[in-house]
Amino acid sequence: MNITLGQYIDGNSVLHRTDPKIKLMLIVPLVFSLFIFDYKVTFPTYTALILFLARISKIPFKSLIISLKPVWWILAFTLLLNPFFHEGEILFSIFKISATKEGAVTGFVMAYRFALFILLSSFLTLTTKTVALTDAVEDILKPLKLVNISPHYAAMTISLAFRFVPTTIHEYEQIVKAQKSRGIYFDEGGIFRRIKNMGAIVFPLMLLTFQRAEDLSFALEARCYNENRGKRKQSRMNGNDYLAIAFITVFIICNIFLQFYSH
Amino acid sequence: MKDMGIEIKNVDFFYDDNLITPHQSLFDINLSIKEGEIIGIAGKTGSGKSTLAEVIAGLSRPSRGQVTVDGVDIYGVRNREESRLAREAKRKIGMVFQYAEYQLFEETVERDIAFAPKEMMFSKKTVEERVNRAMELVGLNKNMKNRPPYNLSGGEKRRVAIAGILAFSPKYLILDEPMVGLDAKGQRDILNLMLKLNREENSTILFISHSMENIAEIAHKMIVMKDGRLIVADSVYNVFSDKELLKTAGLKRPKIWEFLDRLKSCGIDIESDALSEEEGVNRIVSAVNG
Ligand SMILES: Nc1ncnc2c1ncn2[C@@H]1O[C@H](COP(=O)(O)OP(=O)(O)O)[C@@H](O)[C@H]1O
Ligand SMILES: [Mg+2]
């Protein structure tokens, strides 16, 4: 299938060669500082970071934009609704509801930050094979053993969920078409009719998803799946990994510095 | 009227949600479908059959080219009036998707089948008539009306889904691998249903199938797709007579034809070009009686 949500693109860049575990762990402080620091600091620095990462990993710009596709409506809602939910300088009014400048700015900041977050995370899936990512997640989830949950199964579940995102998008598109051929136009009618029509997509999609989960668990059992299969050799940290850690650390320190000393 | 039927002109289709380069899955398709025909579409997996079916059904706008239904261009809409006409024209086409049973969502069989005619604002009485007729056509028992669709058998679900399309009486019916995943009897029923719709309701039928036997048995005309190109649209007999063509498309002759070919190569005096088992049996009988 050709639909992507940041599906792996082959390559041999620093980003591709860095240990998936390190990448996964570096994402956490990056996302954290993106959300806590002032947007006036993070927007330029993170935009630059994303452009830089795209450059060195040779990920086409188009693939990055595509990774935003599944969330475009969240972005659109954030942009369009926020102006109406904040007090401040009134830009215009419709039906006694006013759009404010402050609201518009808030909407923009929220949407842009969210987009940066998605773009940043998509580098992870774009430069790491699914299998490698599963292993990495498993390693990181090791502490779960203490509470009697198998990290292997937990990792497997998470990566299967990721794996099925494209399939589910594909099925969503199929169901929309199938219902359209029955004369349902989802972009028509009043709000109640639209909500009702959404059911024609949501129910079949849920049913399909549950059914697949069931099929999958049977298939795994039938193949005597158990967590001791396919053990791989432990990797040591290499130059790449140190470089990546150093780079991201410097990046975050720069952000901290700008946050506290720029005013 | 002279321009009745469906005309497909110079259609290209790209899937542009692809990664780096858009993926072209239809190349310059030209085809005309006349009223009352049964057309079988064959071709390997990935050859573009489903994409073509969706374009014809008015569900996927082609990247280039034109599709007209009874003279109305269904994609080239420039104003309100044309948009209304295009919508009307699209409602003449019903498409049964592959694994159509997955589109069921209402609480009862009856409500699911009634969904399309209701959406098209038919009167309550008409809707009821349509539902009854559609259930009768696909061979669903009346006492199934109030059952929830989810716990029916696979074959029954598929019939409910097909009834849901038949309920708005589309003049043109497109079916994407309608027999796939059904048992022998289920397949036979769908085949008979297509014949019946064609004969009794005068429906024009376009169906995709991997079974050459099914195509040979009921289709008048046949389309062969390969790598996004339509390589032939001709009578079923002509297509199966052309060995070279079948080879390039990776298709086989119907089993009965191949079987008679074998007999012939063993020195038996028999014509091998039989399209149905019945025809084949007759050939054998007359060869034996000599
Ligand atoms: N949703 C989609 N996105 C991108 N490419 C697709 C999509 N659906 C089908 N394709 C591609 O288009 C081509 C034709 O597919 P399809 O029409 O489904 O073939 P068929 O029905 O003959 O098996 C294939 O190469 C397939 O990979
Ligand atoms: Mg197909």
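A polar contact is taken here as a pair of N or O atoms within 3.5 Å, where, within protein, one must be able to donate a hydrogen and the other to accept it, and where residues adjacent in sequence count only if both atoms are side-chain atoms. The model is predicted, so that local features need pLDDT of at least 70 and side-chain atom pairs count only at pLDDT 80 or more, while totals for chains, interfaces and linings use all residues. Residues are numbered from 1 along each chain as its sequence is written, chains are lettered from A and ligands numbered from 1 in the order in which they are written, and side-chain values use heavy atoms, with hydrogens and water left out.

Ligand 1 lies between chains A and B. A polar side-chain atom of B:Ser50 is placed 2.7 Å from an oxygen atom of ligand 1, and a backbone N or O atom of B:Gly46 lies 2.6 Å from an oxygen atom of the ligand. A nitrogen atom of ligand 1 is 3.2 Å from an N or O atom in the side chain of B:Tyr15. Of the 560 Å² of accessible area that ligand 1 has on its own, the protein covers 79% (Shrake-Rupley method with a 1.4 Å probe).

In chain B, an open sheet of six strands has the order β6-β7-β8-β3-β9-β10, with mixed pairing, two strands being paired if DSSP finds at least two bridges between them. Its edge strands are β6 (93-96) and β10 (229-235) of chain B. Within chain B, β3 (residues 38-43) and β8 (residues 204-208) pair in the parallel sense over four bridges, and B:Gly40 stands opposite B:Phe207 in β8(B).

An open sheet of four strands in chain B has the order β2-β1-β4-β5, with antiparallel pairing.

Definitions and conventions. Near = heavy atom within 4 Å. Helix = DSSP H or I, 4+ residues; strand = E, 2+ residues; numbered from the N terminus.
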